[in-house]
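User: I am new to reading protein models. Can you show me how to go through pockets, cavities and helix contacts?

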Amino acid sequence: MSLQILRNKPKRPFWKLPQHRLPVLSLYKSLLNTSRSFPDDLHQKYLFYNIRLNFRLRRHETSISKTVEYLKEAQECKSIIIKALKGNQEAFQHIDDLAWGRKGRLKEVLDILANWKRPKLHKFVLDTRTHGARTLDPHPAYRIPLDKRLYTPPEYKELEKKLPKKNHSFGSDLKIHTVVTQLGYKLQRVRGLKQPTWISMMMNKRIRAHQRRIDKFHQLEEQLEMVRIEQHMLSMLDPKLAEEEKGFEERILQELNESKKYHDKMIKLQARKELDVDI
């Protein structure tokens, strides 16, 4: 069934009929397979990207007359590719000029890049499609990158932004004081200068972590005392029940020993700080 017969308003639109979809998909597949027969990978990439681009740009076409024109154009493209593979010099030269940017869309892109004054804005190197094609298919998978053999972007080093130094109104007689915190950490501070925010946040996190460990140590001590009282009561009632509770005591003692190392360390640091203050 040809597209001309479908002008009599069918119940279903022509682009949903298998009589139209199957031939178009087979034509698309045959074009891609034929493009892989070229020996040079530059020709293969150019044909693959452009065949896919044209079919994707025209996939929403609903006009019968335009669809017929596009299919005729695809058939002509297939015939040119086959002629170039069979040795036709004119057809091969046409594809070679398009692939190497001597004419067509790639030539326009190369001319733009050659006259571009700001080298860091070479967006066409990542995608050589037109603005309309990029808008229709913005996903990075559909980009058509520019081959490095056609153009190599210049190396561009962005200048580092140097922030102006702040002129503090403090005198040159400032002294650096060593401060020992409650947890035993030593910090150097300049009296009169504001402490940076990141140092305050760091100390806040350390204090919270320290408090969590201390609370866990006291909580384990209370649990151990409760388990021992319960074991004593069970031993008075039935010795067998007291033996079953020994597993809980061993688990608590194991965690308590791990937490006690940190607890003893912090007690020594606090005791050393008190001695320094007395001296």
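Analyst: Start with the open space. This is a predicted model, and its largest pocket holds about 1300 Å³ of space.

User: Which residues lie closest to the centre of the largest pocket?

Analyst: They are Asn-50, Ile-51, Leu-53, Asn-54 and Phe-55, out of 50 residues in the lining.

User: Which elements give two or more residues to that lining?

Analyst: Helices H1 (18-35), H2, H3 (64-86), H4 and H5 (105-114) do. H2 gives the most, with 13 residues.

User: How do the lining residues of the pocket divide by class?

Analyst: There are 28 nonpolar, ten polar and twelve charged residues.

User: How do I read the way H2 and H4 cross?

Analyst: Look at the distance and the angle between axes. Helix H2 (residues 41-57) and helix H4 (residues 89-99) have axes that come within 9 Å and cross at roughly 80°. Angles of 65 to 115 degrees count as roughly perpendicular, so H2 is roughly perpendicular to H4.

User: Which residues make the contact?

Analyst: H2 brings Leu-42, His-43, Tyr-46 and Leu-47, while H4 brings Phe-92, Ile-95, Asp-96, Leu-98 and Ala-99. By class, seven are nonpolar, one is polar and one is charged.

User: What lines the largest cavity?

Analyst: Arg-52, Leu-53, Arg-56, Arg-129, Asp-137, Tyr-142 and Ile-144 do. Three of the lining residues are nonpolar, none is polar and four are charged.

Notes. Residues numbered from 1 in each chain as written. Predicted model: local features only at pLDDT ≥ 70, side-chain atom pairs only at ≥ 80, totals over all residues. Heavy atoms only, no water. 1 Å grid on protein atoms, 1.4 Å probe; cavity = no way out; pocket = protein on both sides within 12 Å on 5 of 7 lines; lining within 4 Å. Nonpolar A, V, L, I, M, F, W, Y, C, P; charged D, E, K, R; others polar. Axes fitted to C-alpha atoms, helices over the stretch in contact; angles between N-to-C directions. Helix = DSSP H or I, 4+ residues; strand = E, 2+ residues; numbered from the N terminus. Parallel < 35°, antiparallel > 145°, perpendicular 65-115°, else oblique. Contact = heavy atoms within 4.5 Å. Points joined across faces, edges and corners; volume = space filled by probe spheres on them.
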